[in-house]
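Me: Could you take me through how to read a sheet and its packing in a model such as this one?

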Amino acid sequence: MISMDTQSTLKTQALAALSTVIDPELGVNIVDLGLIYDVTYDADLKLCTVTMTLTIMGCPLTGYLNDHIKSALMTVAGIDQILINLVWEPAWSLDKMSRAAKMTLGLH
């Protein structure tokens, strides 16, 4: 069984990797945009599951983001598999964005 410290460290590393994935339309990373709802890790499977949403249904960047998310997470030691769990509840809103993202987009 994976320790809580290891789980926490892997989640921190995964979020750091995800913060390198930039939404090309907005120029802000997907973590600060509030698109990432949760990150979990199964040590037995070396599987990282990302629960996330998109700003709109039918987003034309879905494939692009999926590819970049997987590439970013594969740089984290211990992650061999990635599952992206795309959800629509709770719905994304501007409130989910970090203060830095809002400032970058002039929404402060």
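Reply: Strands (E, at least two residues) and helices (H or I, at least four) are DSSP runs numbered from the N terminus. This is a predicted model, in which local features need pLDDT of at least 70, side-chain atom pairs count only at pLDDT 80 or more, and totals for chains, interfaces and linings use all residues. Residues are numbered from 1 along each chain as its sequence is written, and side-chain values use heavy atoms, with hydrogens and water left out.

Me: In which sense do β3 and β4 pair, and over how many bridges?

Reply: Strands of a sheet pair through backbone hydrogen bonds, either parallel or antiparallel. Here β3 and β4 pair in the antiparallel sense over six bridges, where pairing requires at least two DSSP bridges between the strands. β4 and β5, by contrast, run parallel and are also joined by six bridges, with Leu-83 of β5 as the bridge partner of Thr-49.

Me: What is the strand order of the open sheet?

Reply: The order is β3-β4-β5, with mixed pairing, and β3 and β5 are the edge strands, each pairing on one side only.

Me: Which residues have the most contacts inside the largest nonpolar core?

Reply: In soluble globular proteins, nonpolar side chains tend to be buried together. This core has 29 residues, and those with the most contacts inside it are Leu-18, Ile-30, Met-52, Ile-69 and Leu-73; a nonpolar core is a set of buried (under 20% relative accessible area, 1.4 Å probe, protein chains only) Ala, Val, Leu, Ile, Met, Phe, Trp, Tyr and Cys residues joined through side-chain atoms within 4.5 Å.

Technical notes: Buried means under 20% relative accessible area, exposed over 50%, partly exposed in between (1.4 Å probe, protein chains only).
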